[in-house]
Structure formats: structure tokens, C-alpha cells
Amino acid sequence: MQLNFMVNQKPVSLEISADELLVDVLRDRLGLTGTKISCREGECGACTVWMDGLPVNSCLIPAAKVQGRNVTTIEGLGCIEMPHPVQERLAKYGASQCGYCTPGFVMSAAALLRDHPDASHEQIIEGLSGNLCRCTGYTRIVAAVESLVDPLETLPMPEIT
Amino acid sequence: MWNQYFSPESLDEALQLNHLYREQARLLAGGTDLVLNLSSQRYAAVEAVIDISRVPELSKIDVQDDSITIGAAVTLSQIVRSELLNSAAPVLVTAARQIAGPQIRNLATIGGNVVNASPAADMIPALLVLDSLVWIRSWNGQARQIPLEAFLLGNRKVDLAIGEIVTGFQFPAPDSATRHHFRKVQPRRAMAIAMLNLAILMTVSDQKIMQVRIAMGAVAPTAVRVKSIEKVLTDLPFHLAENLDLYTGISQDILPISDFRASREYRLRVAQNLLREAIVEMIGSTKTVDHG
């Protein structure tokens, strides 16, 4: 079937089989390998992307479900030259060890701060509860995200959908 | 997994497709369980997946004449954010908020959680105490509605014929003085299946429990109303509610099993203690919502 959708604000059109999953289309067909695969069953959050602005697990989404929709991946949030504020802060706080879970955390945290610029500690914990990290732990990740809520430390959030 | 993927934009179109492919079709709303079950081959491959998440009438939360209707494809996130449900049915909001994590809640739907009919489904006890009806439509335009209790036939079994679609849930809006409670026993605060879940609605007057509806999940093949204890508690003066003996009759309504999550004895004891604790908390508080 023909799939037409927006990825990182650019239109994409490609022929897919009806049962391909979004994570595979993004990684293997479009080369967007920033989105990671870990559990493939919606438990770990490594494959988190935004569908119409909402964080979702791309391993649970038939690619056909995003027909005509907007998908944002980690490549659409920032890059080395222009990191998203969440990326800048995770680096500053040393909040990555192996880094495999990091893109998923960034997608969750960026959506949370977009919707709740003054998120409480509890809201941050809840907002990141769908992402697992198995090496560095959560303390620095939460501290990095929380620093963006601190009025003295915050950075302007870019408008991305 | 599947050969064709359909995204109907009206209920009629969805019903026609469902009728056309019959047992060779699977309805997908959020897909958070279905996609896993198809891709792991726990479910046999099918010809057609019919994605009902774009059908507008299935994605709405409505109130009319003090009766609330929630479309089957309403997501758990929509429920958590709904101002109407936060004020009128906090028991449902608290249940939805404790399911999985944000990414799953943005996809998963109330209809999927109910029709899947896991004994541990969190939305079901909340809908049971709200006395919810299940609305069902079939391809030839026929509609029926049955009480949720009757819809649940067993572990992952519901009263739904091939060709039928659950369109939503309807319940009377509880009076604003009604007290709500939802509690989930789970190994961590997110991404966990309930070892036990508990929903309670209660009205009180003159230091007495007037009416109470109690439902529990993960303690029987389906979530159940705990009617033996409801009877014991009705018209009970507050000061008597702490007596543990009142709650021992719970084994008439629940049939917990032993599995890798917990043993039968543990579940029975937890059920009794938790119910007593919840009732004592609810009569002691002036708040109308208790978040477990």
C-alpha cells in the first residue's frame, strides 16, 4: 500500500506492506535510526516518537496508522550543532551512559515540557515513567529535565510539532 | 500478521468492513495489545485489520441529561485530561492514569481495555461501580446495550458476536456528593499489570454509609462486583466499619488464583485488608476523591 505522511515536517511517500510497523519504516526505509529498538513490546520507550505531537511507542504502531499524520522523531528535535534544550541539559548533567535510551527520553521530556513548562517533580517522574534506562539510572535524567523548569536555568523551547 | 489495513472514517464504513471480513478481521483502536498479539503470533494472522480510531463518533466524551457516554475509541489520555470526567467520574480518571505510561495511554483506548477483557483490566472495575452499559452496533444497523457485568463472560471472553462493534459506554453521572476511590496494587507505579485493583463509589449521610458499590479486578476470571460486602456495608454506622470480620465474606464474590504475580492466599488477604482500609479512609475523609 501507498503511505503518505509527514516526518519531521517533510512529506514522505513510500510503498509499504500493510503490516509493517512504524519503527521499522522509520529506521529501515527512511534511515532515521535515531529512534531505537529495544524491547519491541511497548515496555521500554526507546522507540518513542510523536504522532500528531503525542509521544507514542513506534514499535506498537502499524505504519499504516500514520497515513496523513505528522510524525516527529529525534532527528526533528535537534542535532549536534543545534541541540534541543532537553538534549543540551542531558549532556550537561552527564545523564547518559550507553545512550541507547536517550532519544526516547528526549522525546518524552520534550513533549512534557512543551505541555507543562512548569512541571512539578512528580509530573516529571510520571512523564518519564514509560521510558527505561538500565545503566546510568534516573537521578541525573530527572535532574536534567527538572533544571529546565527552574526559571534561572531554563532555555527557550523551540516550537516543534 | 495481516494483509490489508483499513482506516474507515465513519461507523457505517467500519461496520460494513467488519461484516465483509467477519472472522478474518480484527478491530484495532489503540492497538497496544492487538499489535503485540498479532506480531508475536499469539493471535493467528488475519486478512484485515480495521482501525476504528478515526471514526469521530467513537472518539467523543458526551454528557446528556445526567448520562455520560464515552466512545469506545476514546484514549486513556483523553480520559485523564477530560474536565467532565475529572469532575463527574474521578474513579475512572484515577484508573486510567494508573495504566502503563504516557506513550501507551496516548494510544490505548477504553474500548480496547474492556473488550480485551483481561481479568486485571483497570478500566473495568471503575466502569462496574459506575453501573455502565455497553453499547453495541452490528452491520445491519441493529443496536443493543447490555450491562457491563453481563458483557463480561470470562477471562478474555465477552458477549460480542462476529460483525458487532462496541461503540461506547454509558452511565448515569454520579451525584456530586458521591465519594470515589480507585486503588491498584502493583509492583511499581507505572507499566505494571495489577495484582489487584479496587473501585468504590459511596454515598453517606448522618455518620452512616448509605449506598456503596464495590468492584475488584485480578481476583476472578473477570472483574466482579463485591455484592456480599456491599450488602454488609449498606446503612452501616461509620464507627462499625473498621471491624475486620465484616470483610471476611469477600470470598463469596472473589476467586483469586495463584500465579507468578501472587498466591491465592495473599490475594484474598490483600483484598480484605485493602477493602477495609479503603472504606475506613473514605468515611473518614471529606474529600470526594481518594487516590489510592
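In chain B, B:L28 sits opposite B:D51, a residue of strand 3. That pair is a handy way into this predicted model, so to speak.

**Around strands 2 and 3 of chain B**

- Strand 2 of chain B covers residues 25-28, and strand 3 of chain B covers residues 46-51.
- The two strands run parallel to each other and are joined by four bridges.
- Which way do the residues of strand 2 of chain B point? B:A25 and B:L27 go one way, while B:R26 and B:L28 go the other.

**Helix 5 of chain B**

- Helix 5 of chain B, residues 90-97, is mostly covered, with seven of its eight residues buried.
- The buried ones are B:P90, B:V91, B:L92, B:V93, B:T94, B:A95 and B:A96.

**Chain B overall**

- Chain B is built from eleven helices and 15 strands.
- It splits into domain 1 (2-54), domain 2 (56-172) and domain 3 (179-291).
- The C-alpha trace of chain B spans about 60 × 45 × 30 Å along its principal axes.
- Why call chain B's radius of gyration consistent with a compact globule? Because a compact globule of 292 residues would come out near 19 Å, and chain B has 19 Å.
- Of the 292 residues in chain B, 48% are buried.
- Among contacts in chain B with a separation of 6 or more, 66% are between residues 24 or more positions apart.

**Where chain A meets chain B**

- How many residues does each chain put into the contact? Chain A supplies 22 residues and chain B supplies 22 residues.
- On the side of chain A that touches chain B, strand 4 of chain A (residues 54-57) gives the most, with four residues.
- That side of chain A is made up of nine nonpolar, nine polar and four charged residues.

Methods: Residues numbered from 1 in each chain as written. Chains lettered and ligands numbered in written order. Predicted model: local features only at pLDDT ≥ 70, side-chain atom pairs only at ≥ 80, totals over all residues. Buried ≥ 20, exposed ≤ 12 C-beta atoms within 10 Å, placed from the backbone. Pairing = 2+ DSSP bridges. Domains from an automatic or database assignment. Contact = placed C-beta atoms within 7 Å. Nonpolar A, V, L, I, M, F, W, Y, C, P; charged D, E, K, R; others polar. Rg over C-alpha atoms; globule rule 2.2 N^0.38 Å.
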